[in-house]
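Please read it with the sequence and the coordinates open beside it.

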Amino acid sequence: MVMGAMVIGIWALAFAGGFMQSFLTSYIQSAIKHETSNGQVHHPAFTQDYDIQYYIKDYKPILAFLAQTKAVESVTSRSLVNGMISSSRQATGVKIIGVDPEAEAKVTGLNTLVGEGAYFAGISSNPVLIGDKLAEKLKVNVKSKVVLTFQDLEGNITAGRFRVAGILNASSVSISESSAYVLKSDLNRLLNIGDNVHEIAYTTTTGTDDEALARKIQSNFKNDKVESWEEISPALVFMEQMMASMLKILIVIIMSALAFGIVNTMLMAVLERIRELGMLMALGMERSKVFLMIMFETIYLSTVGGPVGLMVGFATVSYLGKTGIDLTDYSEGLEAIGYNSILYPTLQPMDYFQIVIGVVLTAFLASIYPAWKAIKLKPIDALHTV
Amino acid sequence: MSTIIKATRVSKTYHKTTVPVRAINNLSLNIEEGEFTAIVGPSGCGKTTLLNILGGLDQPTEGKVEVAGTDISNMKDSELIAFRLRNIGFVFQAYNLIPVLTALENVEFIMLLQKRDRKERHDRAMELLGQMDIADKANVKPSQLSGGQQQRVAVARALASKPRFILADEPTANLDSTSTSNLLDLMAKMNREQKATFVFSTHDQRVMDKARRIVTLQDGAIVSDVKRQ
């Protein structure tokens, strides 16, 4: 029973930990991939005022530096402005993003989000990509005309006529409802900012310390502001911390259930052997030895059950980490809040180590009460127990 | 012969119910070294209570019990445990062997508690099992032994610690007549040959017939004390 509780406890912890980690990883990776990238560079005033005059003064050396940095996987640059998008039926506020299609595809995989139409193709001039929700709101389709209106560098209201090249299906609210992607060259021409950009975004290789890399880039370009994804989106960090807290709570709940299971089983073991324990004390076995005997029994069972549970947990997480947990039945809901419909549980070696330590410690603590109950027995009473 | 057990004006009152029950009433008893004594009497006369008090498993409400000159009446629990280990052997009605250990290991166990070395434990346990005619069952677990064989292992275990005396509470109560006779013959042999002192409670006439001293209790007091040659 104790061994079974150990096996199930460790397996449950490994699986629950891996599952929750997959949720977190899915959410953060999705947000990094499509929104923040691993890091961004701006003019220091741009992130506060979001004014088009705050473009990066000399962005090409930054691109060159990033291209030479091993940890940087891909880089793109963007020009940005807030404005209005209007169709013949509706108008709404929108963030207009001027992109380099090829580089943007590498960094954000924007091309993969195109549901209808094509990725900046099929339209001879001024193509624009908009999200599905925005298209619905404006009541436009692929090849429909829309007008983008905004202020240029001199503060003049300027407008450009664009044609919808593609409609994006994205879980991100900002992409699907309030973004319009145009060619950087088209936007820069209308903004009258020449070849300048407001934002450089980059992705990094797996295992990179994004925070440290941001500091390194910052030290090379002191006039600009370099931020990692944690600084760009504190909400993601909060999400990560919240998930970590939830995992801890889950661990406490599972450990508590495990502890009750062990206490119950070991108490039963003590009660079943009440005569035997009474006899041992009658013959002359010290109470401290009886106490240690019960403790060691539990620890022995834990050390046997622990590795078995660990192997089963490792096998489950490894298998599901490859095949994924298919939640396509709930995909609409999951994608709406930024998760993938297939989750891949994962756990680090340290997580397994912590689980084993936690379970063995729980078993140890849980065995104290039955052991204490055993030594409180009076031999004379225990011997006459039927 | 010297006095091994000296109980003086011992009383035991239980307060487990609303009405106090006086199980032992102002009883005095001396047991000499090498005696083979049966404590007899009807059910509820106080036999088991007396044995528990003499064995240090229970303490008297009044009076004093000395074992080999040491007053055990007011000993602390931890002291009593150590005292029992060194001085008293127990044989229980229900054998109470450790089910996961073999007969040999059961006999060795008490010597393990006494911290005797492995060879001494093994040799003495085998010698005792041989004397109890169950050496061939040394490596058998209790569940595979008959009641009589289990009780012989229990007697060997009681003797293994070289106690000053052995207390046996209804040792033959669960045995058939043949096993009872065999066990009593072996206990009597150990008494004769090794001068082992036995004090046992019984209401079995066959056991009483083998005893050389019969102490009869009634209502917690001795009503007769007969010694036979």
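This is a predicted model: local features need pLDDT of at least 70, side-chain atom pairs count only at pLDDT 80 or more; totals for chains, interfaces and linings use all residues.

1. In chain B, the axes of helix 3 (residues 103-113) and helix 5 (residues 147-160) come within 8 Å of each other and cross at roughly 25°. Since angles under 35 degrees count as roughly parallel, helix 3 of chain B and helix 5 of chain B are therefore described as roughly parallel to each other. The crossing of these two helices of chain B is right-handed.

2. On the side of helix 3 of chain B, this contact is made by Ala103(B), Asn106(B), Val107(B), Ile110(B) and Met111(B), while helix 5 of chain B contributes Val153(B), Ala156(B), Arg157(B) and Ala160(B). By residue class, the contact of helix 3 of chain B with helix 5 of chain B consists of 7 nonpolar residues, 1 polar and 1 charged.

3. The contact between the two chains involves 13 residues from chain B and 12 residues from chain A. On the side of chain B that touches chain A, helix 2 (77-87) and helix 3 of chain B each supply at least two residues, and the largest share, 4 residues, comes from helix 2 of chain B. The residues on this side of chain B divide into 9 nonpolar, 2 polar and 2 charged.

4. In chain A, the buried residues of helix 4 (residues 101-108) are Glu104(A), Val107(A) and Thr108(A). They cover an arc of only 70° around the axis, and therefore lie on the same side of helix 4 of chain A. Just after helix 4 of chain A comes Gly109(A), which takes a positive phi of about 65°.

5. Which residue other than glycine has a positive phi near 60°? This is Lys139(A), which is placed in the loop between helix 5 (132-138) and strand 6 (145-151) of chain A. Lys139(A) counts as exposed because it has 11 C-beta neighbours inside 10 Å, the cut-off for exposed being 12 or fewer.

6. Chain B also has a residue to check: Lys195(B) has a positive phi of about 55°, although it is not a glycine. Lys195(B) lies in the loop between helix 6 (177-194) and strand 8 (198-202) of chain B. With 11 other C-beta atoms within 10 Å, Lys195(B) is exposed.

Key: Residues are numbered from 1 along each chain as its sequence is written. Chains are lettered from A and ligands numbered from 1 in the order in which they are written. Axes are lines fitted to C-alpha atoms, for helices over the stretch in contact, and angles run from 0 to 180 degrees between N-to-C directions. Angles under 35 degrees count as roughly parallel, over 145 as roughly antiparallel, 65 to 115 as roughly perpendicular and the rest as oblique. A crossing is left-handed if the near helix is turned anticlockwise from the far one by less than a right angle, and right-handed if clockwise. Two residues are in contact if their C-beta atoms, placed from the backbone, lie within 7 Å. Ala, Val, Leu, Ile, Met, Phe, Trp, Tyr, Cys and Pro count as nonpolar, Asp, Glu, Lys and Arg as charged, and the others, Gly among them, as polar. A residue is buried if 20 or more other C-beta atoms lie within 10 Å of its own, exposed if 12 or fewer, and partly exposed in between; C-beta atoms are placed from the backbone. The arc is that of the directions from the helix axis to the C-beta atoms.
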